[in-house]
Structure formats: C-alpha cells, structure tokens
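Hi,

Here is the structure I promised to pass on.

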Amino acid sequence: MGAQKSIHAGKAKIDVNVDFTHKLCASLMLPTLRSTGSPFSLVIGSLCIKHPNLFGGSEKLDVSWDKGLYDSNVLVAYRRPRPEWLAQQSFVLQHSLSPEIGVHGIPVNNFSRSGSGGINLSRLSVGMDLKEPASSKWSSTTSIKFEHVRPLNDDGRAICRDYDGFPLTSSGNPHDSMVVLKQESQFAKANDNSFFHFNLQIEQGIPVLSKWIIFNRFKFVASKGIKLGPAFLLTRLTGGSIVGDMAPYQAFSIGGLGSVRGYGEGAVGSGRSCLVANSELTLPLNKMLEGAIFLDCGTDLRSGHLVPGNPALRQSKPGSGIGLGYGLRFKSQFGHFQVDYAVNAYQQRTLYFGLSNLAS
C-alpha cells in the first residue's frame, strides 16, 4: 500500500512517494534490527524537488530525501550548464545514516541472516563530480569529495569502539575525515542476443592533514548476458581490494541479496579483498513473469584477518560460501521485482524480496 504524488510549483517539480508495504517484506526477510518506537518508523518514502532553471541560466537543482526502515539519505546536487564537449560539472552535498550490517552485523540461523550489531554509520560528504563526455561505449566520472564518517549506536550517540572494545574508526577517534579522489569508468556493449557491461572504480585517500586516512581502493564489476533460445543466461564477477589505512567499515562484505544468496548481509565474510561470482538462468513463463535458477559463490581471499579488529573472525564467519536456489522475476511498468529462495552451504534456507539487480 503506497501513494505517489507529483506537484508543479512554477518551473520546479516535486515528487512525493510514500510506501507502507515495506514492513511486510522486511518482516519476512530480516530479524529485528532495533525496536521501532513510532508508526512513522515503519514507513518508507521519498521526496524529490527538481528545478530546471534556478537562476535563469539553465542551472539545475536536485534535492532528494529517501527514508527506509532503518536508514535515510539526503542529497543536494547543483549542476551548471556547460558545452557538450566539456565535462559536466556538479556540486554535491550528501548525508546518509544506515546500519553497519555488512561488517559488524551478527550472523544467525547458520549464517542465513544478519542481525544488528548496534553500530550505525553517519556519513557527510561535500564535493564535486565531473562527468566526461561519453563515447560510443565508454563513459567516465571523476569526483573529489571531503568525507566525514561517524559511528553511532542505536540511540544516536557517537561511539568509537564496538562491543568487544575494538576501534570502529581508522583514527581511533569518534570520527574519520578524509579527502577522496574517485575515478569511475564504465563500458557497455549490447546487441540483440547478448550484452557486456564493465565498471571500474578507483578511490584514493589524499592526506591533506596528517591525521586524515590514506588509502587506495578499487572495485570492478563485469557482467555478461547471453540469449540461449527462449532462456537468458546472466553472469557477473565482482572483485576488489584496499591498501593503506583502513577502517573496519571500509571492508568488502560478502553475502546477501546482490552478493551470495543463501547468506545474510556480510555473513560469508568481510575482508580487505573479495571475489564474488554470480550466474543466473531465466526462462519466461508469460509476458510479465520469469522463472530463474541461480548459483552464487564468494570469498574474502583469506584477507579477513587483515581488517582492523578482525570482526569476521570474532563473529566466526567462514570467509567463503556458496548458495543456490530458484526464484521468480516480475516485470511491470513500475520496475522489476524478484523473489528468491536460496540454500547455503549449511543447508539453511532463505527467502529474499528485492529489485532485480544481477545485470546492473
């Protein structure tokens, strides 16, 4: 049950979306992360304000606010018009608050689910994005941002150590500050029978001040789709690594929907490096419904002990895992929705609801 509304105020457009159905999906998928004290906390929704000509020179202003059951995100983006052959420039201000489940979540039910470890991350970032003019197949974006990260407990108070007394930040203080230079490149190729997507992200922490963290982090995602008669085979390989200074929340988490199904979020492991492979075969049942079978596997490449505080070992995560199962894919004008039933290596079964994202 939900509601959507678009309002035009002069040249500005306001989109409001409120959804009351997420409570049912969350109750089927996840154990209770925290107590919900008010009916408002059980509502998810979004608010988006767009102005296409803020100062009369085609400047664009986008303001969005998204609220989930346990997380929220506010984004303000200002874009100035530039010639098409030059990089498009955007100034971005963003604040997010979300539970840190991937690294500090507590695996339960033979690693099939992850409960809250009582740690949340508040992130504030301010910076600039430069989107290079796209070629026929390649596109790239460069950004430089100041980031401020604070771990919070469920009461909203700043904390610097977890329940076992290990630091939650790289600096050992209640917060980490950093300037991050990020380069993201994408390649896309498609025809009537197949497609190939490749995404590479490289982040470099710049030591503007001596106490700010210095690191280099990269992540790649390669996906391939091939039509096999009426069926379609999707494969995806994801990997990454980080060197230099590191906070536990920067670790690669493995497990969950979009990673290794059959496990809770981050329940396979969390490490300085990771490698995850997914394969899925879908077969149309009618115009709006597809059946799917899938196989996922992932590993931290034995890098879990290199994460400060070694949270994976303290939570007895296996470090590698495999999941298989079947599911349904629903297609509609509102998007693609999936239901998956997966079994992990411990023969524990898990039901997932979410947006179809294997090919993304």
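Below is what I found when I went through it.

Before anything else, please keep in mind that this is a predicted model. The chain is built from 21 strands and 2 helices. It runs to 360 residues, of which 41% count as buried. Taking the contacts with a separation of 6 or more, 56% are between residues 24 or more positions apart.

Let's start with the strands around β9. Strand β9 covers residues 120-131 and runs antiparallel to β6, residues 88-99, with 12 bridges joining the two. The link from β9 to β10 is a hairpin through 6 residues.

As a general point, nonpolar side chains tend to be buried together in soluble globular proteins. What does F215 touch, if you leave out residues up to four places away in sequence? The list includes M178 and V180, but also E203, Q204 and D245.

G271 is another one to look at. You'll find G271 in strand β16, residues 269-271. Is G271 buried or exposed? G271 counts as buried because its relative accessible area is 0%, and the cut-off for buried is under 20%. Beyond its neighbours within four places in sequence, G271 is in contact with M246, A251, F252, D300, S303, G304 and V307. G271 and T299 lie 28 residues apart in sequence, with their C-alpha atoms 8.9 Å apart in space.

Finally, the surface. I226, L228, L281, I293 and Y326 make up a nonpolar patch there, with about 440 Å² of accessible area together. One of them, Y326, is in strand β19 (residues 320-332). Y326 has a relative accessible area of 49%, so it falls in the partly exposed class, which lies between 20% and 50%.

Cheers

How values were computed: Residues numbered from 1 in each chain as written. Predicted model: local features only at pLDDT ≥ 70, side-chain atom pairs only at ≥ 80, totals over all residues. Heavy atoms only, no water. Pairing = 2+ DSSP bridges. Helix = DSSP H or I, 4+ residues; strand = E, 2+ residues; numbered from the N terminus. Contact = heavy atoms within 4.5 Å. Patch = residues over 30% accessible without salt bridge, like charges linked within 9 Å, V, L, I, M, F, W, Y side chains within 5 Å. Areas by Shrake-Rupley, 256 points an atom, 1.4 Å probe, with all protein chains shown as cover. Salt bridge = Lys/Arg side-chain N within 4 Å of Asp/Glu carboxyl O. Buried < 20%, exposed > 50% of the residue type's maximum accessible area, 1.4 Å probe, protein only.
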